[in-house]
Amino acid sequence: MTSAMTSLVNRWATPLIAGLFLVSLISGIALFFHWNAFWFHGMHEWLSMVLVVPFALHLWKNWRPMKAYIRKPAFAVAMVVSLLAAIVFVVPTIGATSGPRNGPAQFGMAQKMLGGSVAEIAAILDESPTSLAARLARAGFTITSPDQTLSGIAAASGQSDIAVMAVIAGQG
């Protein structure tokens with residue numbers, strides 16, 4: 001490693017780890033308690049990914065001391081405990097095709113709307129089922145019954161759920 005690179009790693013790896021870890025810690029706590037998740041979700045995901053780079057540089061810089069840690073029983077125990085903690089969250093979801101939806105409420109509402117029939121959604125929109133079906137048909141959707149769900153109409157028409165929602169919202 002060149003001296004300029006060594007200087008860069010020595011100067012920035014640990015402070016970046018500390019700063020990004022604090023961001024990850026605070027945003028993780030906010031997400032856990034559902035405090036303004038729309039502020040913290042993207043921040044937590046992306047900056048946690050950015051944290052990988054200074055972490056790798058820190059390991060590289062401190063590899064000799066790390067080898068000493070790795071040989072100690074406490075390191076092995078910590079790794080096993082961490083792995084078991086992760087497994088506790090993964091095992092219940094094995095085989096599941098989807099889980100509970102976390103995220104903005106509007107996404108949950110959109111999923112509910114997509115599960116509604118043309119007749120049900122028309123009533124919500126203060127529109128007749130015939131009128132809503134006609135709007136969807138003009139946009140290229142195939143509707144066989146007012147009892148079809150919006151998601152079913154999209155699938156049967158070879159279009160996306162987003163395209164159906166755009167028509168419902170008057171944007172398609």
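Reader: Let's start with Glu-127. What is Glu-127 in contact with, leaving aside its neighbours within four places in sequence?
Author: Keep in mind that this is a predicted model. With those neighbours left out, Glu-127 is in contact with Ala-122, Leu-132 and Arg-135.

Reader: And which side chain does the Glu-127 side chain make a polar contact with?
Author: The side chain of Arg-135, at 3.0 Å.

Reader: Where is Glu-127, and is Glu-127 buried or exposed?
Author: Glu-127 is in the loop between α7 (118–124) and α8. Its relative accessibility is 19%, so Glu-127 counts as buried, the cut-off being under 20%.

Reader: What about Asp-126, buried or exposed?
Author: Asp-126 is also placed in the loop between α7 and α8, but Asp-126 counts as exposed, at 74% relative accessibility. Asp-126 isn't a glycine, yet has a positive phi of about 55°.

Reader: OK. What is the phi of Asn-36, and where is Asn-36?
Author: Asn-36 has a positive phi too, about 45°, and is not a glycine. You'll find Asn-36 in the loop between α1 and α2, where Asn-36 is partly exposed with a relative accessible area of 31%.

Reader: Switching to packing. At what angle do α1 and α2 pack?
Author: About 145°, with the axes of α1 (residues 3–32) and α2 (residues 37–50) 9 Å apart. The crossing is left-handed.

Reader: Which residues make the contact?
Author: On α1, they include Leu-20, Val-23, Ser-24 and Leu-31. On α2, Phe-40, His-41, His-44 and Leu-47 are among them. By class, the contact of α1 with α2 has nine nonpolar, six polar and no charged residues.

Reader: Now α8 and α10. At what angle do their axes cross?
Author: At roughly 125°, and the axes of α8 (residues 129–138) and α10 (residues 161–168) come within 10 Å. That angle makes α8 oblique to α10. The crossing of α8 and α10 is right-handed.

Reader: Which residues make that contact?
Author: Leu-132, Arg-135 and Leu-136 come from α8, while α10 brings Val-164, Val-167 and Ile-168.

How values were computed: Residues numbered from 1 in each chain as written. Predicted model: local features only at pLDDT ≥ 70, side-chain atom pairs only at ≥ 80, totals over all residues. Heavy atoms only, no water. Axes fitted to C-alpha atoms, helices over the stretch in contact; angles between N-to-C directions. Helix = DSSP H or I, 4+ residues; strand = E, 2+ residues; numbered from the N terminus. Parallel < 35°, antiparallel > 145°, perpendicular 65-115°, else oblique. Left-handed = near helix turned anticlockwise from the far one by under 90°. Contact = heavy atoms within 4.5 Å. Buried < 20%, exposed > 50% of the residue type's maximum accessible area, 1.4 Å probe, protein only. Polar contact = N/O pair within 3.5 Å; in protein donor to acceptor, adjacent residues only side chain to side chain. Nonpolar A, V, L, I, M, F, W, Y, C, P; charged D, E, K, R; others polar.
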